[in-house]
Amino acid sequence: MSKNSGGDRPQNLKPDTHLVTAGRDAAAFHGFVNAPVYHASTVLYPSAEDLLAHRGRYTYGRRGTPTTDALEDALRTIEGPLCAGVAFAPSGAAAVSTALLSMLSAGDHILVTDSVYRPTRVFCESVLKRLGIETTYYNPLIGSAIETLFRPNTRAVYVEAPGSQSFEMQDIPAIAKVAHAKGAVVMMDNTWATPLYFRAFEKGVDLSIQAGTKYIGGHSDIMFGTISANEAAWPKLKDFTHTYGLCVGPDDIYLATRGLRTLSVRLERHQKSALQVAQWLSERSEVLRVMHPALPSDPGHAIWKRDFTGSSGLFSIVLKPIPEKAVLAFVNALSLFGLGFSWGGYESLVILFDCSTYRTATQWAPGGPALRFHIGLEDVGDLISDLERGFSALHAAAR
Ligand SMILES: *Cc1c(COP(=O)(O)O)cnc(C)c1O
């Protein structure tokens, strides 16, 4: 390897250095820093013999290009040495459904956290059910007592921490220990922490999913998903994604790679600002509760501190009971917080939510209206001023 190949890197690099250097091969790309965007289907073979033998590094666009290889190499490196391979999906939701379909068959049973991302739940209740795969939801606080929910046909446990909207933490190592003793695989939605802040494979996870739409992309301009697998799960995942025909267009792959290079510096700011805003909100008289596992007051804080190395920009709050029009006035008065779904981009967002209609293993009765914030990369003082204006509007409307 020549000096600038990117393939000849020193051992024991830290994650931030991997983010910048992994998956680069300037020697192969005429000296350019970034991998080119190959728009490709057909790969031409030099001879009939080569074609018959499918000989060559690349065989067909769907099976990978130098553009997808660059991102796969980078992501595998960032997931750590226990990661055997990474598959891509055209959205986070497609990554979730692919992970589930790759591991489960008719007659199987899966345990899914009650705090799971809601569309994952909808997939279990529609497609998995139709295929004869049964789902049991468990309380995210269950820990090793999850053992009592296993059946002879339980093949997988699906964890997500912190929980979607409500931010419950789970004892993933304890759950994984039970699952592995029972011969089940552990899948995780690791979108919130990313591999930088939660080392999924080192904590017992076999398949780790990310909605790349969020922090990997980081700019609210792509739909993308990743599924990383350890040695045990990778052959099945790889065969399934190839057979299923899953692939992602090269422009989105390129944007994901580009986003990945700055993931660490963006997350640092998201983390710092979100903690500041969460702390500020926790001291407001209008706020009943802040759900953010990195706050010492959070019930999941001990687990977060033990297992995670950072927190990101997403958290929720519960307001003290007020008329709905006052909640709407609060949200409508915000000018820096966009009203919209998704998160993980550079911009701040807020949504209103209510988990009470669909949770089944737990009860969602937070004691007041609930809001979820994504803290973006704006100046945190400006964001807090915006929230102050929101609270003024809330009081005016409540009168
Ligand atoms: C957004 C999200 C997804 C789905 O990702 P899309 O790219 O929007 O399909 C999955 N899991 C979590 C936790 C998410 O927040």
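Q: How many aromatic pairs does a search of the whole structure find?

A: Good place to start! This is a predicted model, and a search through the whole of it turns up 10 aromatic pairs.

Q: Where in the chain do F88 and F224 lie?

A: F88 belongs to strand 1 (residues 83-89), while F224 sits in the loop between strand 6 (207-211) and strand 7 (225-230). The two are 136 residues apart in sequence, so the pair ties together separate parts of the chain.

Q: What kind of aromatic pair do Y215 and W343 form?

A: Their pair is edge-to-face, with 75 degrees between the planes and 5.4 Å from centre to centre. This pair also links distant parts of the chain, 128 residues apart: Y215 is in the loop between strand 6 and strand 7, and W343 in the loop between strand 10 (338-339) and strand 11 (349-353). Both residues are buried.

Q: Let's turn to charges. How many salt bridges does a search of the whole structure find?

A: The count is 15. One of them joins D69 and R57, with the closest N and O atoms 2.5 Å apart. D69 is in helix 3 (residues 66-79) and R57 in the loop between helix 2 (48-52) and helix 3, so this bridge ties together parts that are 12 residues apart in sequence.

Q: What does R121 meet in a salt bridge?

A: The partner is D114, at 3.0 Å from N to O. Both R121 and D114 are buried. R121 also lies over the face of an aromatic ring, that of Y137, at 3.9 Å from the ring centre.

Q: Where do E134 and R151, another salt-bridge pair, lie?

A: Their side chains meet at 3.1 Å, N to O. E134 is in strand 3 (residues 134-138), and R151 is in the loop between strand 3 and strand 4 (154-160), so the bridge ties together parts 17 residues apart in sequence. E134 is partly exposed at 45% relative accessibility, and R151 is partly exposed at 33%. Elsewhere, shared partners join the salt bridges of E72, D73 and R76 into one network.

Q: Now the backbone. Which residues does a cis peptide bond join?

A: Look at A161 and P162, where omega is about -5 degrees. P162 lies in the loop between strand 4 and helix 6 (172-181).

Q: What is the phi of T194, and what is the phi of S342?

A: T194 is not a glycine, yet its phi is positive, about 60 degrees. T194 lies in helix 7 (residues 194-197) and is buried, at 1% relative accessibility. S342, also a residue other than glycine, has a positive phi near 70 degrees. S342 is in the loop between strand 10 and strand 11 and is partly exposed at 31%.

Key:
Residues are numbered from 1 along each chain as its sequence is written. This is a predicted model: local features need pLDDT of at least 70, side-chain atom pairs count only at pLDDT 80 or more; totals for chains, interfaces and linings use all residues. Side-chain values use heavy atoms; hydrogens and water are left out. A salt bridge is a side-chain nitrogen of Lys or Arg within 4 Å of a carboxyl oxygen of Asp or Glu. Helices (H or I, at least four residues) and strands (E, at least two) are DSSP runs, numbered from the N terminus. Buried means under 20% relative accessible area, exposed over 50%, partly exposed in between (1.4 Å probe, protein chains only). Rings of Phe, Tyr and Trp (its six-membered ring) pair if their centres lie within 6.5 Å; planes under 30 degrees apart count as stacked, over 60 as edge-to-face and the rest as tilted. A charge sits over a ring if NZ of Lys or CZ of Arg is within 6 Å of the ring centre and within 35 degrees of the ring normal.
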